[in-house]
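Student: Could you take me through the aromatic rings in this one, and what sits around them?

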Amino acid sequence: MAHDWKSSPSLSQQIWVLLWSALLLLWIPLDLRAYCRPYHLQLVSVRRYYTLFLSSGQEGVGVGQPLLRETGLHRFRNFDSRCRNPVFWRELPERPYLEFRASVDERPVLVEKDGSTYTIRVTYPGYEEIEVRTDTLQRVVPQGFLGKVDFFEDRIMWGGWRPPIEDYWIVVDLGKMYAAYQQKPLVGSPPPGQAPAFDQAPPTPRPTPAFGLSSGSLPNLPPPSVPRSAPPPTFQQFLTSQVIQLLPAGYRIEGNRVWWHWKQIYDSDWDKRLHVEWRAWYR
């Protein structure tokens, strides 16, 4: 009888340990599920900013090579309890990444790289909103006949999220490329160190840019209904003479930027292609 009385607490302790272990195993996958339920995540808004510029050599590539800096801001709303999902980006052969950083609500997160795929693991708090930000630097590889034409493309995709996308902005900043074009040698100027010929016509000056370089800050664009100023004539001439193609249709011009804006997107098959193509006068 004494033996049974001494063994009872030990058995009771074992039972409690087993119960707590079982509860812990059940709680972990509920709190940190590997995948969120389909259509419980809404992609509320998207802002994508692209800046084209020529390398100064400090970016790890040769001076005067075209580079593309992109910032993406994606706001999500979770209509379910806390869950996790991986988010993928695939590197394109014509646009290899030189840098890739990501953050969630301004907190840096780990970026995993496997071959040409970059992945971040995002935790979506239950019934709340978060903002995922990516900052990348990409090289634009020469394209076209004899490398005299460069371009970049990106897909504007919608699908797999709970509709609608309330706002979708795309802004392409061409100010630095425009300023670099303005700084080309004057048309008709002799080579450096050589005096002009006696009967040579004076060089034709290029117009001075009507605005300076982009500050690099993200533009706070007002809604399209707000009246806007017309782009400077010199920038319009740059677009006409050097930019060969801009897609999709329906873009607007504000200063040195070209932008698109869509609202209340419900169409699950909505898919467009961003394409910017220009003459490589620097090569």
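Student: How many aromatic pairs does a search of the whole structure find?

Tutor: The search turns up 18 aromatic pairs; rings of Phe, Tyr and Trp (its six-membered ring) count as a pair if their centres lie within 6.5 Å, with planes under 30 degrees apart called stacked, over 60 edge-to-face and the rest tilted. Before we zoom in, remember that this is a predicted model, where local features need pLDDT of at least 70, side-chain atom pairs count only at pLDDT 80 or more, and totals for chains, interfaces and linings use all residues. Residues are numbered from 1 along each chain as its sequence is written, and side-chain values use heavy atoms, with hydrogens and water left out.

Let's take one pair. The ring centres of Tyr 168 and Trp 262 are 6.1 Å apart and their planes meet at 80 degrees, so this pair is edge-to-face. Tyr 168 belongs to strand S10 (residues 165-173) and Trp 262 to strand S13 (residues 257-265), so the pair ties together parts that are 94 residues apart in sequence. (Strands are DSSP runs of E with at least two residues, helices are runs of H or I with at least four, and numbering starts at the N terminus.) Both Tyr 168 and Trp 262 are buried, which means under 20% relative accessible area, while exposed is over 50% and partly exposed is in between (1.4 Å probe, protein chains only).

Rings can also gather in a group. Tyr 178, Tyr 181, Phe 235, Phe 238, Trp 281 and Tyr 282 are linked by ring pairs into a cluster. Two of these names turn up again in helix H2: Tyr 178 and Tyr 181 are among its buried residues. Helix H2 (residues 175-182) is mostly covered, with 6 of its 8 residues buried. What do they pack against? The buried residues of H2 pack against S1, S10, helix H3 (233-242) and strand S14 (271-279), where contact means heavy atoms within 4.5 Å.

Lys 176 puts its charged end over the ring of Phe 53, 5.5 Å from the centre. Arg 162 lies over the face of Phe 79, at 3.8 Å from the ring centre. The cut-off here is NZ of Lys or CZ of Arg within 6 Å of the ring centre and within 35 degrees of the ring normal.

Pro 163 and Pro 164 are joined by a cis peptide bond, with omega about 5 degrees, and Pro 164 lies in the loop between S9 and S10. There's another cis bond from Leu 247 to Pro 248, again with omega near 5 degrees; Pro 248 is in the loop between strand S11 (243-247) and strand S12 (252-254).

One more loop, while we're on backbones. Asp 105 isn't a glycine, yet its phi is positive, about 50 degrees. Glu 106 also has a positive phi, near 70 degrees. Asp 105 is in the loop between S4 and strand S5 (107-108), and Glu 106 has its place in the loop between S4 and S5. At 29% relative accessibility Asp 105 counts as partly exposed, whereas Glu 106, at 78%, counts as exposed.
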